[in-house]
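Try each task before you read its solution.

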Amino acid sequence: MANDIIDILKKKITETPLDAKWEEVGEVVEVADGVASIAGLTHCRYAEMLKIGDRATAMALNLEEDRVGAIVFDHLETIKAGDQVALTGQVMSIPVGEAMMGRVVNPLGSPIDGGPAIKGDKNMPMEKIAPGVIARESVKTPLQTGIKAIDAMIPIGRGQRELIIGDRGTGKTAIAIDTIINQKGKDVICVYVAIGQKESKIAKIVAKLKEEGAMEHTIVVVAGASDSAAMGFMAPYAGCAIGEYFMDKGQDALIVYDDLSKHAWAYRELSLLLCRPPGREAYPGDVFYLHSRLLERAAKLNKDQGGGSITALPIIETQAGDVSAYIPTNVISITDGQIYLETDLFYQGIRPAVNAGLSVSRVGSSAQIKAMKQVAGKLRLELAQYREMAAFAQFGSDLDEDTRRQIERGKRLTEILKQSQYDPMPVEEQVAVIFAVVNGLLDNVAADKIADTQKTILMALRTTHKKVLESVREKKELDEKLEAELTEAINGIVANG
(Lines give C-alpha, C1' and ligand atoms only; values in the text may rest on other atoms or scores of the structure.)
Protein backbone atom coordinates (compact mmCIF):
# COMPACT_ATOMS: atom_id res chain seq x y z
CA MET A 1 0.00 0.00 0.00
CA ALA A 2 2.79 2.38 0.97
CA ASN A 3 4.67 1.53 -2.24
CA ASP A 4 1.56 2.35 -4.30
CA ILE A 5 1.30 5.80 -2.71
CA ILE A 6 4.99 6.47 -3.33
CA ASP A 7 4.61 5.41 -6.97
CA ILE A 8 1.61 7.70 -7.42
CA LEU A 9 3.53 10.65 -5.88
CA LYS A 10 6.58 10.00 -8.10
CA LYS A 11 4.35 9.88 -11.17
CA LYS A 12 2.68 13.15 -10.22
CA ILE A 13 6.07 14.85 -9.67
CA THR A 14 7.50 13.65 -13.00
CA GLU A 15 4.34 14.72 -14.86
CA THR A 16 4.43 18.23 -13.36
CA PRO A 17 5.83 20.69 -15.99
CA LEU A 18 8.99 22.50 -14.91
CA ASP A 19 7.54 25.89 -15.90
CA ALA A 20 4.42 25.43 -13.78
CA LYS A 21 3.33 28.64 -12.08
CA TRP A 22 2.41 28.67 -8.42
CA GLU A 23 0.60 31.32 -6.50
CA GLU A 24 0.78 32.05 -2.80
CA VAL A 25 -2.67 32.65 -1.33
CA GLY A 26 -3.37 33.88 2.18
CA GLU A 27 -6.48 34.00 4.29
CA VAL A 28 -8.08 36.77 6.35
CA VAL A 29 -7.98 35.74 10.03
CA GLU A 30 -9.75 38.81 11.40
CA VAL A 31 -10.73 42.26 10.17
CA ALA A 32 -11.77 45.33 12.18
CA ASP A 33 -11.50 49.13 11.99
CA GLY A 34 -9.87 49.11 8.55
CA VAL A 35 -7.10 46.67 9.49
CA ALA A 36 -6.92 43.02 8.40
CA SER A 37 -4.82 40.26 9.93
CA ILE A 38 -3.80 37.75 7.25
CA ALA A 39 -2.21 34.30 7.57
CA GLY A 40 -0.34 32.27 4.95
CA LEU A 41 1.57 35.02 3.08
CA THR A 42 5.13 33.85 3.65
CA HIS A 43 6.64 35.85 0.78
CA CYS A 44 4.76 39.10 1.33
CA ARG A 45 6.87 42.28 1.20
CA TYR A 46 6.51 45.59 3.06
CA ALA A 47 4.15 48.07 1.33
CA GLU A 48 3.08 45.38 -1.17
CA MET A 49 -0.35 45.79 -2.71
CA LEU A 50 -2.73 42.94 -1.80
CA LYS A 51 -6.05 41.89 -3.31
CA ILE A 52 -8.67 40.63 -0.86
CA GLY A 53 -11.37 38.63 -2.61
CA ASP A 54 -12.44 40.04 -5.96
CA ARG A 55 -12.60 43.74 -5.14
CA ALA A 56 -10.86 45.07 -2.01
CA THR A 57 -7.38 46.63 -2.14
CA ALA A 58 -5.03 46.53 0.86
CA MET A 59 -1.39 47.25 1.67
CA ALA A 60 0.93 45.23 3.91
CA LEU A 61 2.29 47.31 6.80
CA ASN A 62 3.15 44.76 9.51
CA LEU A 63 5.27 41.71 8.65
CA GLU A 64 5.20 39.31 11.59
CA GLU A 65 6.37 35.69 11.86
CA ASP A 66 3.02 34.09 11.17
CA ARG A 67 0.77 37.02 10.25
CA VAL A 68 0.67 40.05 7.96
CA GLY A 69 -1.05 43.21 9.19
CA ALA A 70 -2.60 45.08 6.27
CA ILE A 71 -4.58 48.31 5.97
CA VAL A 72 -7.68 48.11 3.78
CA PHE A 73 -8.56 50.97 1.43
CA ASP A 74 -11.94 50.07 -0.06
CA HIS A 75 -14.95 47.72 0.19
CA LEU A 76 -14.16 47.15 3.87
CA GLU A 77 -17.75 46.18 4.63
CA THR A 78 -17.53 43.19 2.23
CA ILE A 79 -14.46 41.59 3.87
CA LYS A 80 -14.89 38.75 6.34
CA ALA A 81 -12.72 36.13 8.03
CA GLY A 82 -11.81 33.31 5.63
CA ASP A 83 -11.59 35.52 2.51
CA GLN A 84 -8.68 34.71 0.22
CA VAL A 85 -5.83 37.21 -0.16
CA ALA A 86 -3.53 37.29 -3.20
CA LEU A 87 -0.10 38.90 -3.55
CA THR A 88 0.29 41.23 -6.52
CA GLY A 89 4.09 41.37 -6.53
CA GLN A 90 4.12 45.14 -6.80
CA VAL A 91 4.52 48.04 -4.43
CA MET A 92 1.34 50.02 -3.74
CA SER A 93 0.94 52.30 -6.77
CA ILE A 94 -1.47 54.72 -8.42
CA PRO A 95 -2.36 55.11 -12.13
CA VAL A 96 -1.23 58.59 -13.24
CA GLY A 97 -1.56 60.52 -16.48
CA GLU A 98 -2.39 63.81 -18.21
CA ALA A 99 -6.09 62.88 -18.02
CA MET A 100 -5.98 63.64 -14.28
CA MET A 101 -5.61 67.37 -14.93
CA GLY A 102 -8.57 69.31 -13.56
CA ARG A 103 -9.99 66.26 -11.76
CA VAL A 104 -10.77 65.35 -8.15
CA VAL A 105 -9.56 61.86 -7.23
CA ASN A 106 -9.20 59.65 -4.17
CA PRO A 107 -5.81 58.26 -3.02
CA LEU A 108 -6.29 55.20 -5.28
CA GLY A 109 -6.54 57.43 -8.36
CA SER A 110 -10.29 56.88 -8.88
CA PRO A 111 -12.35 59.98 -9.78
CA ILE A 112 -14.83 61.21 -7.17
CA ASP A 113 -16.04 64.32 -9.01
CA GLY A 114 -18.80 62.56 -10.96
CA GLY A 115 -16.80 62.70 -14.19
CA PRO A 116 -15.74 59.85 -16.50
CA ALA A 117 -13.19 57.21 -15.54
CA ILE A 118 -9.53 58.25 -15.80
CA LYS A 119 -7.13 56.24 -17.94
CA GLY A 120 -3.63 56.41 -16.48
CA ASP A 121 -0.55 56.60 -18.70
CA LYS A 122 1.55 54.66 -16.18
CA ASN A 123 1.56 53.36 -12.63
CA MET A 124 3.61 55.38 -10.16
CA PRO A 125 4.68 53.81 -6.83
CA MET A 126 3.31 55.45 -3.70
CA GLU A 127 6.64 54.91 -1.92
CA LYS A 128 9.85 55.77 -3.73
CA ILE A 129 13.43 56.60 -2.78
CA ALA A 130 14.02 60.36 -3.03
CA PRO A 131 16.46 61.71 -5.68
CA GLY A 132 20.08 61.68 -4.48
CA VAL A 133 22.31 64.72 -4.03
CA ILE A 134 24.02 64.18 -7.41
CA ALA A 135 20.67 64.20 -9.22
CA ARG A 136 19.69 67.56 -7.72
CA GLU A 137 20.69 71.15 -8.33
CA SER A 138 20.41 74.19 -6.11
CA VAL A 139 17.03 75.87 -5.70
CA LYS A 140 17.18 79.24 -7.46
CA THR A 141 14.11 79.61 -9.68
CA PRO A 142 11.35 81.59 -7.91
CA LEU A 143 7.92 80.08 -7.35
CA GLN A 144 5.82 83.21 -7.01
CA THR A 145 2.95 82.92 -4.52
CA GLY A 146 1.49 86.27 -5.52
CA ILE A 147 1.43 87.21 -1.81
CA LYS A 148 3.59 90.28 -1.08
CA ALA A 149 4.54 89.34 2.48
CA ILE A 150 5.83 85.92 1.35
CA ASP A 151 7.47 86.77 -2.00
CA ALA A 152 9.27 89.72 -0.37
CA MET A 153 10.36 88.28 3.00
CA ILE A 154 10.05 84.47 2.84
CA PRO A 155 10.62 83.60 -0.84
CA ILE A 156 9.88 80.09 -2.12
CA GLY A 157 11.93 78.47 -4.90
CA ARG A 158 11.01 75.61 -7.23
CA GLY A 159 12.15 72.44 -5.50
CA GLN A 160 11.87 73.86 -1.98
CA ARG A 161 9.90 72.50 1.01
CA GLU A 162 8.30 75.41 2.87
CA LEU A 163 6.12 74.68 5.90
CA ILE A 164 2.95 76.71 6.53
CA ILE A 165 2.28 76.53 10.26
CA GLY A 166 -0.20 78.15 12.63
CA ASP A 167 -3.29 77.66 14.75
CA ARG A 168 -6.68 76.64 13.40
CA GLY A 169 -8.39 79.38 11.39
CA THR A 170 -5.35 81.62 10.76
CA GLY A 171 -5.40 81.39 6.95
CA LYS A 172 -3.01 78.51 6.21
CA THR A 173 -5.14 76.97 3.46
CA ALA A 174 -5.82 80.47 2.04
CA ILE A 175 -2.09 80.98 1.39
CA ALA A 176 -1.84 77.60 -0.35
CA ILE A 177 -4.91 78.23 -2.54
CA ASP A 178 -3.69 81.73 -3.51
CA THR A 179 -0.35 80.18 -4.51
CA ILE A 180 -2.15 77.64 -6.73
CA ILE A 181 -4.25 80.40 -8.33
CA ASN A 182 -1.08 82.43 -8.98
CA GLN A 183 0.47 79.56 -11.01
CA LYS A 184 -2.04 80.15 -13.82
CA GLY A 185 -0.08 80.48 -17.07
CA LYS A 186 3.27 79.73 -15.37
CA ASP A 187 3.71 76.06 -16.48
CA VAL A 188 3.44 74.70 -12.94
CA ILE A 189 1.24 71.65 -12.32
CA CYS A 190 -0.46 71.92 -8.91
CA VAL A 191 -1.56 69.02 -6.71
CA TYR A 192 -3.75 69.88 -3.71
CA VAL A 193 -3.94 67.03 -1.18
CA ALA A 194 -6.79 67.34 1.33
CA ILE A 195 -6.33 65.07 4.36
CA GLY A 196 -9.17 64.77 6.85
CA GLN A 197 -10.88 67.97 5.66
CA LYS A 198 -14.65 68.30 5.60
CA GLU A 199 -16.06 67.43 2.17
CA SER A 200 -18.04 70.71 2.15
CA LYS A 201 -14.81 72.71 2.61
CA ILE A 202 -13.10 70.78 -0.22
CA ALA A 203 -16.10 71.38 -2.50
CA LYS A 204 -15.84 75.14 -1.87
CA ILE A 205 -12.10 75.09 -2.64
CA VAL A 206 -12.65 73.20 -5.91
CA ALA A 207 -15.47 75.60 -6.87
CA LYS A 208 -13.19 78.60 -6.20
CA LEU A 209 -10.33 77.09 -8.22
CA LYS A 210 -12.74 76.55 -11.13
CA GLU A 211 -14.04 80.12 -10.81
CA GLU A 212 -10.48 81.50 -10.95
CA GLY A 213 -9.56 79.26 -13.90
CA ALA A 214 -6.94 77.47 -11.79
CA MET A 215 -8.47 73.98 -11.97
CA GLU A 216 -7.05 73.61 -15.49
CA HIS A 217 -3.55 73.14 -14.03
CA THR A 218 -4.61 71.48 -10.75
CA ILE A 219 -5.31 67.95 -9.51
CA VAL A 220 -7.13 67.54 -6.18
CA VAL A 221 -6.50 64.38 -4.11
CA VAL A 222 -9.11 63.90 -1.38
CA ALA A 223 -9.19 61.74 1.74
CA GLY A 224 -12.12 63.41 3.48
CA ALA A 225 -13.10 63.48 7.14
CA SER A 226 -15.54 60.58 6.54
CA ASP A 227 -12.93 58.41 4.79
CA SER A 228 -10.94 55.70 6.55
CA ALA A 229 -7.63 56.29 8.33
CA ALA A 230 -5.97 54.16 5.61
CA MET A 231 -7.09 56.66 2.95
CA GLY A 232 -5.85 59.56 5.10
CA PHE A 233 -2.50 57.83 5.53
CA MET A 234 -2.09 57.16 1.80
CA ALA A 235 -3.32 60.54 0.43
CA PRO A 236 -0.04 62.54 0.61
CA TYR A 237 1.96 59.67 -0.92
CA ALA A 238 -0.58 59.49 -3.77
CA GLY A 239 -0.23 63.26 -4.32
CA CYS A 240 3.56 62.93 -4.32
CA ALA A 241 3.40 60.08 -6.87
CA ILE A 242 1.29 62.29 -9.16
CA GLY A 243 3.81 65.14 -8.77
CA GLU A 244 6.71 62.77 -9.57
CA TYR A 245 5.04 61.75 -12.83
CA PHE A 246 5.22 65.37 -14.01
CA MET A 247 8.69 65.96 -12.50
CA ASP A 248 10.03 62.94 -14.40
CA LYS A 249 8.73 64.55 -17.61
CA GLY A 250 10.83 67.66 -16.90
CA GLN A 251 7.90 69.78 -15.66
CA ASP A 252 7.54 71.79 -12.45
CA ALA A 253 4.99 70.62 -9.88
CA LEU A 254 3.66 72.21 -6.68
CA ILE A 255 2.15 69.95 -4.00
CA VAL A 256 0.14 71.24 -1.05
CA TYR A 257 -0.31 68.79 1.85
CA ASP A 258 -3.32 70.06 3.83
CA ASP A 259 -2.55 69.04 6.47
CA LEU A 260 0.16 66.75 7.83
CA SER A 261 -1.13 67.00 11.42
CA LYS A 262 -4.19 64.98 10.37
CA HIS A 263 -1.90 62.66 8.39
CA ALA A 264 0.06 61.92 11.58
CA TRP A 265 -3.22 61.30 13.41
CA ALA A 266 -4.28 58.78 10.73
CA TYR A 267 -0.92 56.99 10.99
CA ARG A 268 -1.14 56.92 14.78
CA GLU A 269 -4.61 55.35 14.55
CA LEU A 270 -3.41 52.66 12.13
CA SER A 271 -0.27 51.96 14.16
CA LEU A 272 -2.24 51.47 17.38
CA LEU A 273 -4.70 49.17 15.58
CA LEU A 274 -1.72 47.17 14.28
CA CYS A 275 -0.53 46.88 17.91
CA ARG A 276 2.69 48.81 17.33
CA PRO A 277 4.12 50.22 20.58
CA PRO A 278 3.09 53.85 21.22
CA GLY A 279 5.70 56.49 22.04
CA ARG A 280 5.51 60.19 22.80
CA GLU A 281 1.91 61.51 22.58
CA ALA A 282 0.94 57.93 21.55
CA TYR A 283 2.62 58.33 18.15
CA PRO A 284 4.72 55.38 16.95
CA GLY A 285 8.51 55.75 16.98
CA ASP A 286 8.78 56.08 13.20
CA VAL A 287 6.44 59.08 12.85
CA PHE A 288 9.43 61.29 11.96
CA TYR A 289 10.31 58.92 9.10
CA LEU A 290 6.67 59.09 7.99
CA HIS A 291 7.06 62.73 6.95
CA SER A 292 10.78 62.82 6.15
CA ARG A 293 10.51 60.15 3.45
CA LEU A 294 7.57 62.05 1.95
CA LEU A 295 9.07 65.55 1.95
CA GLU A 296 12.55 64.40 0.82
CA ARG A 297 10.96 63.53 -2.53
CA ALA A 298 10.54 67.27 -3.23
CA ALA A 299 13.54 68.31 -5.32
CA LYS A 300 14.91 70.37 -8.20
CA LEU A 301 16.49 67.90 -10.62
CA ASN A 302 19.50 68.85 -12.72
CA LYS A 303 19.40 69.00 -16.53
CA ASP A 304 20.80 65.47 -16.90
CA GLN A 305 17.76 64.20 -14.96
CA GLY A 306 15.30 66.26 -17.02
CA GLY A 307 15.30 69.47 -14.98
CA GLY A 308 11.86 68.93 -13.41
CA SER A 309 10.97 69.88 -9.86
CA ILE A 310 8.54 69.27 -7.01
CA THR A 311 7.89 72.11 -4.57
CA ALA A 312 6.18 71.02 -1.35
CA LEU A 313 3.99 73.22 0.86
CA PRO A 314 3.13 71.07 3.88
CA ILE A 315 0.65 72.53 6.37
CA ILE A 316 0.79 71.87 10.12
CA GLU A 317 -1.83 72.94 12.65
CA THR A 318 -0.54 74.04 16.06
CA GLN A 319 -2.43 74.10 19.35
CA ALA A 320 -2.36 77.55 21.03
CA GLY A 321 0.73 78.55 19.03
CA ASP A 322 2.87 75.74 20.42
CA VAL A 323 5.52 75.21 17.73
CA SER A 324 7.57 73.08 20.15
CA ALA A 325 5.07 70.18 20.10
CA TYR A 326 6.12 66.80 18.70
CA ILE A 327 4.79 66.89 15.10
CA PRO A 328 5.50 70.64 14.49
CA THR A 329 9.17 70.28 15.56
CA ASN A 330 9.53 67.16 13.43
CA VAL A 331 8.27 68.85 10.26
CA ILE A 332 10.15 72.12 10.96
CA SER A 333 13.40 70.14 11.07
CA ILE A 334 12.61 68.38 7.76
CA THR A 335 11.62 71.46 5.74
CA ASP A 336 13.61 74.39 4.27
CA GLY A 337 11.86 77.06 6.30
CA GLN A 338 8.44 77.94 7.66
CA ILE A 339 5.74 80.56 7.22
CA TYR A 340 4.39 81.11 10.74
CA LEU A 341 0.88 82.55 10.95
CA GLU A 342 0.03 84.21 14.25
CA THR A 343 -3.47 84.26 15.74
CA ASP A 344 -3.06 87.73 17.34
CA LEU A 345 -2.04 89.29 14.01
CA PHE A 346 -4.98 87.59 12.28
CA TYR A 347 -7.49 89.07 14.72
CA GLN A 348 -5.84 92.49 14.46
CA GLY A 349 -6.80 92.44 10.78
CA ILE A 350 -3.24 91.90 9.54
CA ARG A 351 -3.84 89.30 6.85
CA PRO A 352 -1.99 87.24 5.80
CA ALA A 353 -1.02 87.01 9.48
CA VAL A 354 2.66 86.29 8.80
CA ASN A 355 4.98 86.69 11.78
CA ALA A 356 8.12 88.12 10.16
CA GLY A 357 10.29 87.25 13.17
CA LEU A 358 9.49 83.53 13.37
CA SER A 359 9.10 82.90 9.63
CA VAL A 360 12.16 81.99 7.57
CA SER A 361 13.16 80.70 4.15
CA ARG A 362 16.45 78.81 4.16
CA VAL A 363 16.73 79.34 0.41
CA GLY A 364 16.36 83.09 0.89
CA SER A 365 17.07 85.63 -1.82
CA SER A 366 18.32 82.88 -4.19
CA ALA A 367 14.62 82.36 -4.98
CA GLN A 368 13.91 86.03 -5.78
CA ILE A 369 14.27 88.09 -8.91
CA LYS A 370 16.91 90.83 -8.54
CA ALA A 371 14.31 93.62 -8.46
CA MET A 372 12.62 92.05 -5.44
CA LYS A 373 15.98 91.58 -3.68
CA GLN A 374 16.68 95.29 -4.22
CA VAL A 375 13.42 96.56 -2.71
CA ALA A 376 12.84 93.89 -0.03
CA GLY A 377 16.37 93.64 1.38
CA LYS A 378 15.66 95.61 4.57
CA LEU A 379 11.92 94.95 4.68
CA ARG A 380 11.91 92.03 7.10
CA LEU A 381 14.35 93.67 9.54
CA GLU A 382 12.41 96.95 9.51
CA LEU A 383 9.13 95.13 10.10
CA ALA A 384 10.52 93.09 13.01
CA GLN A 385 12.04 96.24 14.55
CA TYR A 386 8.75 98.12 14.12
CA ARG A 387 6.81 95.40 15.98
CA GLU A 388 9.23 95.62 18.92
CA MET A 389 9.25 99.43 18.92
CA ALA A 390 5.48 99.64 18.66
CA ALA A 391 5.15 97.41 21.72
CA PHE A 392 7.73 99.51 23.58
CA ALA A 393 6.15 102.81 22.51
CA GLN A 394 2.90 101.94 24.29
CA PHE A 395 4.66 102.61 27.62
CA GLY A 396 6.21 105.98 26.78
CA SER A 397 5.01 109.13 25.04
CA ASP A 398 8.40 110.87 24.63
CA LEU A 399 9.92 109.32 21.52
CA ASP A 400 12.85 110.78 19.59
CA GLU A 401 12.36 111.78 15.95
CA ASP A 402 14.15 108.73 14.49
CA THR A 403 12.05 106.28 16.54
CA ARG A 404 8.82 108.07 15.61
CA ARG A 405 9.81 108.04 11.93
CA GLN A 406 10.62 104.32 12.10
CA ILE A 407 7.27 103.54 13.75
CA GLU A 408 5.40 105.54 11.11
CA ARG A 409 7.31 103.74 8.33
CA GLY A 410 6.53 100.40 10.00
CA LYS A 411 2.81 101.22 10.06
CA ARG A 412 2.89 101.83 6.32
CA LEU A 413 4.89 98.65 5.68
CA THR A 414 2.32 96.65 7.66
CA GLU A 415 -0.54 98.21 5.69
CA ILE A 416 1.10 97.66 2.29
CA LEU A 417 1.68 93.97 3.06
CA LYS A 418 -1.99 93.36 3.84
CA GLN A 419 -3.69 91.45 1.04
CA SER A 420 -7.16 90.09 0.37
CA GLN A 421 -7.72 86.38 -0.16
CA TYR A 422 -7.94 85.12 -3.78
CA ASP A 423 -6.11 88.24 -4.98
CA PRO A 424 -2.54 87.19 -5.87
CA MET A 425 -0.39 89.99 -7.30
CA PRO A 426 2.13 89.78 -10.19
CA VAL A 427 5.72 90.21 -9.03
CA GLU A 428 6.29 93.47 -10.94
CA GLU A 429 3.33 95.09 -9.13
CA GLN A 430 4.64 93.81 -5.78
CA VAL A 431 8.03 95.39 -6.54
CA ALA A 432 6.39 98.73 -7.41
CA VAL A 433 4.29 99.07 -4.23
CA ILE A 434 7.06 97.86 -1.88
CA PHE A 435 9.51 100.22 -3.63
CA ALA A 436 7.10 103.09 -2.91
CA VAL A 437 7.02 102.39 0.85
CA VAL A 438 10.66 101.51 1.54
CA ASN A 439 11.84 104.62 -0.32
CA GLY A 440 9.52 106.92 1.64
CA LEU A 441 7.30 107.85 -1.31
CA LEU A 442 4.20 107.21 0.82
CA ASP A 443 5.43 108.84 4.06
CA ASN A 444 2.98 111.72 3.63
CA VAL A 445 0.02 109.38 3.12
CA ALA A 446 -1.91 108.56 6.31
CA ALA A 447 -1.48 104.92 7.36
CA ASP A 448 -5.23 104.23 7.15
CA LYS A 449 -5.24 105.53 3.55
CA ILE A 450 -2.41 103.26 2.35
CA ALA A 451 -4.75 100.53 1.02
CA ASP A 452 -6.71 103.03 -1.11
CA THR A 453 -3.49 104.69 -2.29
CA GLN A 454 -2.10 101.28 -3.30
CA LYS A 455 -5.19 100.61 -5.46
CA THR A 456 -4.78 104.03 -7.10
CA ILE A 457 -1.06 103.43 -7.79
CA LEU A 458 -1.68 99.98 -9.29
CA MET A 459 -4.58 101.20 -11.45
CA ALA A 460 -2.45 104.03 -12.84
CA LEU A 461 0.60 101.78 -13.38
CA ARG A 462 -1.53 99.25 -15.30
CA THR A 463 -2.92 101.94 -17.59
CA THR A 464 -1.04 105.26 -17.80
CA HIS A 465 2.41 103.94 -16.85
CA LYS A 466 2.16 100.49 -18.40
CA LYS A 467 5.69 100.66 -19.86
CA VAL A 468 7.27 101.04 -16.40
CA LEU A 469 5.66 97.81 -15.18
CA GLU A 470 6.63 96.03 -18.41
CA SER A 471 10.26 97.14 -17.93
CA VAL A 472 10.32 95.70 -14.37
CA ARG A 473 8.80 92.42 -15.62
CA GLU A 474 11.24 92.05 -18.53
CA LYS A 475 14.49 93.33 -16.93
CA LYS A 476 13.78 91.74 -13.52
CA GLU A 477 16.05 94.33 -11.90
CA LEU A 478 15.94 98.04 -11.09
CA ASP A 479 18.68 100.14 -12.67
CA GLU A 480 19.03 103.88 -11.96
CA LYS A 481 16.92 104.85 -14.96
CA LEU A 482 14.08 102.48 -14.04
CA GLU A 483 14.18 103.58 -10.37
CA ALA A 484 13.90 107.22 -11.48
CA GLU A 485 10.95 106.38 -13.79
CA LEU A 486 9.21 104.44 -11.04
CA THR A 487 9.79 107.25 -8.50
CA GLU A 488 8.49 109.88 -10.91
CA ALA A 489 5.42 107.81 -11.81
CA ILE A 490 4.49 107.03 -8.17
CA ASN A 491 5.11 110.61 -6.98
CA GLY A 492 2.86 111.87 -9.77
CA ILE A 493 0.10 109.38 -8.95
CA VAL A 494 0.22 110.18 -5.18
CA ALA A 495 0.26 113.95 -5.85
CA ASN A 496 -2.81 113.70 -8.11
CA GLY A 497 -4.47 111.57 -5.45
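## Exercise 1: a residue in a helix

E244 belongs to helix α5, which covers residues 229-248. This is a predicted model, so keep that in mind throughout.

**Task.** Decide whether E244 is buried or exposed, and find which residues E244 is in contact with beyond its neighbours within four places in sequence.

**Solution.** Start with the accessibility. The relative accessible area of E244 is 1%. Buried means under 20%, so E244 is buried. Next, look at the contacts. Once neighbours within four places in sequence are set aside, E244 is in contact with M124, K128, R297 and I310.

## Exercise 2: rings and charges

**Task.** Work out how the rings of F346 and Y347 are arranged, and find where R351 lies relative to F346.

**Solution.** Begin with the whole structure, where a search finds five aromatic pairs. In the pair of F346 and Y347, the ring centres are 5.6 Å apart and the planes are at 85 degrees. Pairing requires centres within 6.5 Å, and planes over 60 degrees apart count as edge-to-face. The pair is therefore edge-to-face.

F346 is buried, at a relative accessible area of 15%, whereas Y347 is exposed, at 60%.

Then turn to the charge. R351 lies over the face of F346, 3.9 Å from the ring centre. A further case to inspect is R268, whose charged end sits over the ring of Y283 at 4.2 Å from its centre. To finish, display F233, Y237 and Y267, which form one aromatic cluster.

## Exercise 3: a link across the sequence

**Task.** Starting from Q374, find which residues Q374 touches, not counting those up to four places away in sequence, and which backbone nitrogen its side chain reaches.

**Solution.** First place the residue: Q374 lies in helix α10, residues 370-376. Its relative accessible area is 35%, so Q374 is partly exposed.

Second, list the contacts. Leaving out residues up to four places away in sequence, Q374 touches E477, L478 and E483. Q374 and E477 are 103 residues apart along the chain, yet their C-alpha atoms are separated by 7.8 Å.

The side chain of Q374 reaches the backbone nitrogen of L478 at 2.8 Å.

## Exercise 4: the whole protein

**Task.** Find how many helices and strands the protein has, and what its C-alpha trace spans along the principal axes.

**Solution.** Count the elements first: there are 16 helices and 16 strands. The C-alpha trace spans about 115 × 45 × 40 Å along its principal axes.

Of the 497 residues, 53% count as buried. The protein exposes about 23200 Å², with carbon and sulfur atoms supplying 51% of it.

How values were computed. Residues numbered from 1 in each chain as written. Predicted model: local features only at pLDDT ≥ 70, side-chain atom pairs only at ≥ 80, totals over all residues. Heavy atoms only, no water. Phe/Tyr/Trp six-rings, centres within 6.5 Å; stacked < 30°, edge-to-face > 60°. Buried < 20%, exposed > 50% of the residue type's maximum accessible area, 1.4 Å probe, protein only. Lys NZ or Arg CZ within 6 Å of the ring centre and 35° of its normal. Helix = DSSP H or I, 4+ residues; strand = E, 2+ residues; numbered from the N terminus. Contact = heavy atoms within 4.5 Å. Polar contact = N/O pair within 3.5 Å; in protein donor to acceptor, adjacent residues only side chain to side chain. Areas by Shrake-Rupley, 256 points an atom, 1.4 Å probe, with all protein chains shown as cover.
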